[in-house]
Amino acid sequence: MNNAINISQDIERFLSARRLSPAFDLLDNAVASDSALWKIKADIERLRESYAFMTRYALDGMPDPARPELYDELVASVRSLTDMINRQTRVADASTLYFNTLRAVQLQREENLSSLVAQYRRVNDRLSLSVLAENVEKAQRELTYQAEDLEKRLFNVVWTLYPLSVDDQTIIQSFLSDKALPAYAKSLLLGAVMAGLMEYYDERRMRILMDAYEVDDAEISVRALCGLLLGMWLHKERPMSSRLRKRFDALVELPRWSVDVKMVQLQFIRARETERISRKFTDEVIPEMMKLKPEIEKLQNRPLDPESIEENPEWEELLEKSGVADRLKELQEIQEDGGDVLMGTFSKLKTFPFFNDIANWFLPFHSSHSMMTGSFDHATRMLFEMIVSAPMFCDSDKFSVILSLAQVPESQIRMMTDQIKAHSDQMAQMNLNELNSRGKGREVIANKFMQDLYRFYKLFRRKGEFKDPFNTSLNLIAHPLLREMFDDEETLRIVGEFYFKRKYYSDALDIFDKLSFKIPPSAELFQKMGYCKQAMGDLNGALQYYEQSELLNSESRWTMRRLAACYKALSQWDKALPYYKRLAEFKPEDVNLALNIGYCLMETGKYDEALQHFFKAEFISGESERSARPIAWCSLLAGDYDRARKYIGILLSGHPSASDYLNAGHLELLTGHFADAVDRYAASIAARNFDVDDFMKAMHADAYLTGKSTEVDELVMGIIIDRAITHSRELGGAV
């Protein structure tokens with residue numbers, strides 16, 4: 001395998017240098033070392049001869065307009081042969097699902113793509129006529145099983161065929177255009193084409209997807225586009241041949257192409273945030289709900305029933321106060337915006353044997369599936385139909401729900417049906433609105449298909465064997481063939497805002513930077529660019545953009561706050577101070593501003609002036625730890641130990657922190673009460689979970705203050721600290 005990788009790298013290096021002859025030599029050597037590759041030798045010779053003729057004509061000075069196209073075809077063929085060699089070296093013993101499936105397909109020598117398609121057509125014809133059978137239910141059940149088995153076998157063959165021949169391409173395209181075949185089977189076969197393209201670059205697969213994009217069926221068209229763009233992204237280092245490039249250029253001229261590609265890019269961005277949404281649900285919403293459960297049950301002394309929460313205003317108030325309502329509202333808004341809020345929930349429902357088969361991950365949900373055709377009662381069938389029409393589920397999640405319901409007693413099914421029935425009209429209207437409002441039908445298809453793909457790459461039991469496109473940035477704007485269509489002002493603004501809203505600040509900054517060269521200087525744009533830099537931790541970079549924004553709009557309070565915050569974080573107190581003062585002119589009663597002005601003055605050594613602002617904060621908000629803490633510290637720095645003692649006392653009588661105990665120790669040290677200083681320092685160590693190193697860092701940081709004591713030399717200080725550390729061990733959990 002390593003030798004194959006080295007050959008690939010060497011050949012690619014020769015191709016980049018436009019040296020085909022040594023590339024052919026490497027292919028010959030690889031074929032000679034493996035008897036299983038003898039079939040490829042004839043292909044190499046054919047390519048070598050074509051290159052020899054082209055070289056002879058070129059050296060003779062003969063003009064040939066087709067020469068560049070022929071050369072591109074030769075290069076593409078060399079790359080394809082290299083992939084075939086790499087693939088062949090793994091066929092015998094690679095343990096991945098792809099090669100296990102390939103070996104199983106190769107064992108069925110009498111079975112090929114053509115024969116499987118012919119069998120499937122016959123079974124499909126018989127299935128359509130099964131209503132005439134003597135036992136209709138039995139005939140339909142048996143033929144459905146046969147059809148599903150053939151669908152899986154077709155998927156496996158198309159997935160593992162490489163490279164596709166002209167005949168293979170013709171058969172697949174004929175299948176996709178056959179109106180007599182079910183739409184879900186076409187989508188499944190298209191999924192196999194895409195899955196194979198994810199494994200190995202194949203221009204005929206690309207051509208199939210390009211042609212499928214142009215069909216009138218929106219489901220087929222959008223799925224083909226998603227597969228094509230994913231393939232282009234994963235193989236972006238592989239240039240298209242001239243022939244395929246012409247086909248691609250024809251697509252670009254289609255009226256809907258640009259709109260569709262931009263729409264799919266937005267779906268890629270939505271897919272990237274799925275993990276963050278799932279974490280939010282599992283780490284924030286669920287724990288908070290569980291904390292509230294005892295309180296809600298106390299209200300009526302009965303088990304928590306989520307359905308009835310909204311019936312009780314006290315429960316609603318409880319949700320509002322806890323913040324759960326805000327989080328649920330945020331998740332609802334994310335879902336309405338196309339975000340995948342169900343991934344975390346349905347990840348636990350992908351362990352059914354049904355999902356062990358790769359084909360089922362690419363299968364659109366359909367009511368004629370065998371799991372839907374059992375002898376279910378009316379309530380169960382009604383519930384199944386409601387699930388089919390539910391707009392919030394992607395296909396694999398619908399299968400998950402059906403498989404789960406198959407294990408639920410019929411009595412509970414009827415209860416669930418009664419509860420949902422009242423909302424069925426609303427659900428139907430939601431579905432209609434999703435498909436019709438603002439022409440969102442294609443967007444909904446892309447959104448749900450992307451969710452299916454995301455689940456496959458993240459939840460399939462053998463997911464580690466596949467190249468996961470969602471582990472990359474999936475940024476079509478960076479693709480050389482797609483870059484231009486994202487280069488207009490409106491698109492850059494939409495995509496940039498999309499990234500910005502979802503907190504992909506690095507990507508948003510890149511887009512905003514491009515946008516800044518296309519529009520007049522904008523204070524708002526510089527604000528957002530500065531915020532991106534700040535969120536990325538580059539405060540100096542953020543300041544540059546905030547300062548540019550301020551030049552364009554000097555009255556923006558938002559910009560003032562950001563400038564002040566960045567300067568403060570960089571400890572540039574003298575630069576932060578003017579901005580806090582300007583903000584205070586707009587909001588003179590703002591406690592935060594009073595405190596921040598005080599901090600800036602204190603850090604610049606203006607203690608008396610700083611204390612005035614700290615006292616102002618205390619006056620506005622009342623006596624609290626928030627204002628007492630800076631007053632105590634500033635008083636220590638100013639040498640006003642009586643005032644410092646008063647405010648440190650307030651802090652110690654409340655909920656003192658490790659820093660409060662430390663400052664209390666400093667006060668005792670500076671006033672000559674060394675034994676009391678030991679007690680306070682020991683309490684500070686205990687409050688730090690007995691982390692002595694952390695305590696010593698804090699002591700060193702405050703050395704400029706403790707060094708003011710004329711009675712404490714290094715020896716005495718050492719004794720005090722040593723005793724404090726020893727004493728802290730005696731405190732245990734008392735602090």
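Which hand does the crossing of helix 7 and helix 9 have? Let's look at that pair together, keeping in mind that this is a predicted model. The crossing of helix 7 and helix 9 is right-handed.

Two packed helices are described by the angle between their axes and the distance between the axes. Helix 7 covers residues 136-160 and helix 9 covers residues 183-199; they pack at an angle of about 30°, and their axes are 8 Å apart. Angles under 35 degrees count as roughly parallel, so helix 7 is roughly parallel to helix 9.

Now move on to a second pair, helix 8 (residues 166-177) and helix 10 (residues 203-213). Their axes come within 10 Å and cross at roughly 20°, and helix 8 and helix 10 are therefore roughly parallel to each other. The crossing of helix 8 and helix 10 is right-handed. On the helix 8 side you will find Val166, Gln169, Ile172, Gln173 and Leu176, which meet Arg204, Arg207, Ile208, Asp211 and Ala212 of helix 10. The contact of helix 8 with helix 10 divides into five nonpolar, two polar and three charged residues. Two residues named here, Arg207 and Asp211, also belong to a network of salt bridges that links them with Glu214 and Arg247.

That brings us to charge pairs. Side chains of opposite charge can pair when their charged atoms come close. How many salt bridges does a search of the whole structure find? The search finds 45.

One of them joins the side chains of Arg502 and Glu273, at 3.0 Å from N to O. Arg502 sits in the loop between helix 23 (489-501) and helix 24 (505-516), while Glu273 sits in the loop between helix 13 (257-272) and helix 14 (274-300), so this pair ties together parts that are 229 residues apart in sequence. Are these two partners buried or exposed? Arg502 is buried, with a relative accessible area of 4%, and Glu273 counts as buried at 3% relative accessibility.

Next, follow Asp397, which takes part in two salt bridges described here. In one, the side chain of Asp397 meets that of Lys350, at 2.8 Å from N to O. Lys350 lies in the loop between helix 17 (343-346) and helix 18 (378-389), and Asp397 lies in helix 19 (residues 395-405), so the pair ties together parts that are 47 residues apart in sequence. In the other, Asp397 meets the side chain of Arg455, at 2.9 Å from N to O. This pair also links distant parts of the chain, with Asp397 in helix 19 and Arg455 in helix 22 (residues 441-459), 58 residues apart.

How accessible are these residues? Buried means under 20% relative accessible area. Lys350 is buried at 6%, Asp397 is buried at 0%, and Arg455 is buried at 0%.

Key
Residues are numbered from 1 along each chain as its sequence is written. This is a predicted model: local features need pLDDT of at least 70, side-chain atom pairs count only at pLDDT 80 or more; totals for chains, interfaces and linings use all residues. Side-chain values use heavy atoms; hydrogens and water are left out. Axes are lines fitted to C-alpha atoms, for helices over the stretch in contact, and angles run from 0 to 180 degrees between N-to-C directions. Helices (H or I, at least four residues) and strands (E, at least two) are DSSP runs, numbered from the N terminus. Angles under 35 degrees count as roughly parallel, over 145 as roughly antiparallel, 65 to 115 as roughly perpendicular and the rest as oblique. A crossing is left-handed if the near helix is turned anticlockwise from the far one by less than a right angle, and right-handed if clockwise. Contact means heavy atoms within 4.5 Å. Ala, Val, Leu, Ile, Met, Phe, Trp, Tyr, Cys and Pro count as nonpolar, Asp, Glu, Lys and Arg as charged, and the others, Gly among them, as polar. A salt bridge is a side-chain nitrogen of Lys or Arg within 4 Å of a carboxyl oxygen of Asp or Glu. Buried means under 20% relative accessible area, exposed over 50%, partly exposed in between (1.4 Å probe, protein chains only).
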